[in-house]
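Visitor: I am new to this structure and would like a close look at one part of it. Please keep to that part before going wider.

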Amino acid sequence: METLLDFLTLSDPNVRYVVLGNVLLSSSAAMVGAFILLQKKALIGDAVSHAVLPGICAAFLFSGSKNIGFMLSGAFVTGWLALLAIDYITAHSKVKKDAAIGLVLSVFFGVGMVMMTYIQQSGNAAQSGLDHFLFGKAATLVGTDLLIFSILAVVLLVVVGLFFKSFTLVAFDRPYAQALGYPVRKLDLLLTSLTVLAVVTGITAVGVVLMAAMLITPAAAARYWTNNIRRMVWLAVGFGAFAGLAGAYISYAAPAMPTGPWMVVVSSAIAFFSFFFAPTKGIVPKMYTQHKNQRIIAEENTLKRFYHLGERNSHFLGLRNADELFAKDELNASSSSSRAALKRLATKKLVVSDGQQWRLTDIGWQKATRIVRLHRLWELYLTKYMNIAADHVHDDAETIEHIITPELERELEHQLGYPDKDPHNTEIPKI
Amino acid sequence: MIAFWIILTGSLVAITCGLLGCFLILRKMSMVGDAISHAVLPGIVIAFLLSGSRDTLPMILGAGATGLLTTFLTEYFHRRAGLQTDAAIGVVFTFLFAVGIILISAFAGQVDIDQDCVLYGEIAYVPIDLWVTANGTIMGPRPVYILSVVLILVVAFICVGYKELKLTSFDPAFASVLGISTALWHYLLTAAVSITTVSSFESVGAILVIAFLIGPPATAYLLTHNLKRMLAITAALGVFIAFAGYWMAYWLNASIAGCMAVVTGLCFLGVFSMQRIRSSRIQPPIADPAAG
């Protein structure tokens with residue numbers, strides 16, 4: 001608890017640098033990442049982060065020192081070239097984007113490896129620690145680095161803010177943006193440059209491989225909580241910042257622990273939680289809705305069964321026993337799920353039971369009638385308007401009967417001229 | 001002799017990866033190869049911690065397991081949560097790689113695996129890594145044997161499942177009508193990729209594995225429309241790259257894996273620019289029936 005307090009008050013200047021640096025890096029990367037994700041280019045971050053290696057090496061070879069400004073510019077140039085190469089290959093050959101990304105990534109990194117061996121043999125004393133740029137040493141951030149990162153992060157934030165509307169439009173509806181006269185190609189180039197900038201700044205903190213995660217993981221998580229792009233971008237920034245903070249804290253509390261990987265693990269944990277539990281879009285809520293719908297369908301099918309049994313002798317409210325209700329028939333439902341459905345119907349007071357037998361209540365009868373009615377109306381509609389043979393319409397009606405709203409019901413009736421008989425010449429009941 | 005062993009190792013990896021890579025790029029799954037080659041890290045570390053050695057079998061099992069986990073999670077998030085495939089791949093493999101690095105840091109004293117060894121590998125050490133039998137006979141470099149076994153397995157896998165792999169790659173709907181399980185072959189292919197990746201990573205590193213998985217097949221893909229020919233060109237290119245890459249490295253005195261990756265890129269660049277020049281001469285460019 002004390003470490004947490006120490007950490008949060010930022011009393012130690014080293015901690016201050018690391019924390020601020022991490023938060024800036026991860027939140028600006030997450031913001032750019034949101035647009036990359038929406039443009040379905042999630043993996044280009046991976047390509048860029050590998051492609052910066054030759055740039056870093058070249059900058060080192062030219063300047064002979066580890067000046068961070070030179071390094072970042074070198075990295076920026078080759079990262080940018082890699083993205084151009086990917087676009088060029090996909091536009092001018094039948095090689096698909098995924099293969100182009102993989103190819104460019106490995107070849108650029110290969111070039112970097114060759115240059116790296118050259119540097120190692122050159123015996124320049126300053127070369128040690130060059131690989132920090134590759135594998136990330138967030139904990140070694142110092143004051144001047146922080147200054148550069150803050151400037152870059154602010155640049156990213158401002159540029160994305162200025163072009164927010166254009167980026168949104170290009171991400172969602174490219175042809176429309178083109179038709180409106182937006183300079184789509186230039187906007188692409190701008191987003192590309194921002195991506196490279198984000199990668200180049202972030203790579204020092206988390207390393208080559210994990211940079212892709214800093215870009216897209218927070219954005220992918222944010223996508224699950226909202227359909228509003230503004231909210232999505234802010235959420236992504238928030239998740240990114242939190243991951244940065246948590247990563248810094250973990251390596252502060254346990255110094256053996258690396259900051260970058262923990263940042264990625266934290267933001268992955270947020271993402272996994274979102275995939276599973278985000279309302280409406282998550283896996284669990286989706287399964288719950290599905291389950292609920294299945295229960296409703298089972299209940300309605302059971303009600304329908306009562307109606308069909310009643311239709312034989314026009315005695316709709318008669319008592320029915322289990323054999324009649326659960327006989328294998330067109331419902332094709334297992335008897336255990338039908339029994340469960342029957343129990344739920346009893347608690348909803350749509351059927352009543354005397355222990356052995358069940359019968360419909362008045363409300364139950366009304367509901368049953370409506371479902372049968374919708375079924376038959378739909379069958380008639382399909383034969384009349386879609387020219388489908390009468391013996392082919394049943395299955396379709398079987399699914400749609402659970403969905404049709406009262407408005408649609410009225411519209412169907414109106415279109416069909418308030419019919420009495422369905423295509424099988426059975427009566428369409430009225431309530 | 002050293003040159004021979006290194007080129008042989010390189011060729012074995014190149015052929016094995018290339019053959020599988022052909023199917024990956026046809027299925028637009030190239031980045032799955034990238035993801036698996038990184039995501040095997042935690043599997044290797046866990047296998048190392050459990051077995052306490054760098055023996056090949058536990059490593060392959062561990063890596064194979066995490067490779068399959070990567071594919072499974074990617075598919076699961078894609079199918080069940082509706083996450084776009086590229087994002088699913090990106091989220092899953094970076095997570096696993098991060099876990100791997102954390103494990104390495106946590107057990108720093110017990111694990112002599114480094115993340116740069118996963119990325120770079122060191123093919124130059126192959127000739128030193130000798131297999132010595134119990135009675136002291138030197139049988140040659142150990143990786144060569146392992147990689148040969150993997151190559152034979154992969155070739156057998158492709159021969160046995162050629163029809164299924166081809167059908168599920170080109171027309172999954174038709175394949176399932178014929179009763180071929182698309183999911184089963186998807187997982188078999190990714191399992192093969194995982195095993196290949198891990199058996200190669202020690203000698204050539206993840207980056208060269210990706211280069212070999214994607215580079216030669218992509219080049220062959222530009223040259224032919226016939227799958228069998230594509231496989232053959234890929235294998236031939238693989239051997240050429242291993243050969244040329246080694247001599248380039250020897251001549252420049254640079255990283256062998258890096259040079260092989262560079263040669264891979266040069267091969268693709270050569271074929272690509274040749275086609276560009278040809279298509280710019282013929283006006284208008286002839287539409288490619290297989291493209292799209």
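Visitor: Which residues in H5(A) and H2(B) meet?

Guide: This is a predicted model, in which local features need pLDDT of at least 70 and side-chain atom pairs count only at pLDDT 80 or more, while totals for chains, interfaces and linings use all residues. Residues are numbered from 1 along each chain as its sequence is written, and chains are lettered from A and ligands numbered from 1 in the order in which they are written.

On the H5(A) side, the residues are Asp98(A), Ala99(A), Ile101(A), Gly102(A) and Leu105(A); they meet Ser30(B), Met31(B), Gly33(B) and Asp34(B) of H2(B). Sorted by class, this contact has four nonpolar, three polar and two charged residues. Here Ala, Val, Leu, Ile, Met, Phe, Trp, Tyr, Cys and Pro count as nonpolar, Asp, Glu, Lys and Arg as charged, and the others, Gly among them, as polar. Two residues are in contact if their C-beta atoms, placed from the backbone, lie within 7 Å. Helices are DSSP runs of H or I with at least four residues, strands are runs of E with at least two, and both are numbered from the N terminus.

The axes of H5(A) and H2(B), the latter spanning residues 30–51, come within 7 Å and cross at roughly 45°. H5(A) is therefore oblique to H2(B). Axes are lines fitted to C-alpha atoms, for helices over the stretch in contact, with angles from 0 to 180 degrees between N-to-C directions. Under 35 degrees counts as roughly parallel, over 145 as roughly antiparallel, 65 to 115 as roughly perpendicular, and the rest as oblique.

Now the wider interface. In total, 49 residues of chain A are in contact with 54 residues of chain B. On the chain A side, H4 (68–92), H5 (97–122), H11 (211–223) and H13 (259–277) each supply at least two residues. H5(A) gives the most, 17 residues. That side of chain A has 33 nonpolar, ten polar and six charged residues.

Another of these helices is H13(A), where 14 of the 19 residues are buried, so the helix is largely enclosed by the rest of the structure. A residue is buried if 20 or more other C-beta atoms lie within 10 Å of its own, exposed if 12 or fewer, and partly exposed in between, with C-beta atoms placed from the backbone.

Of its 292 residues, 52% count as buried.
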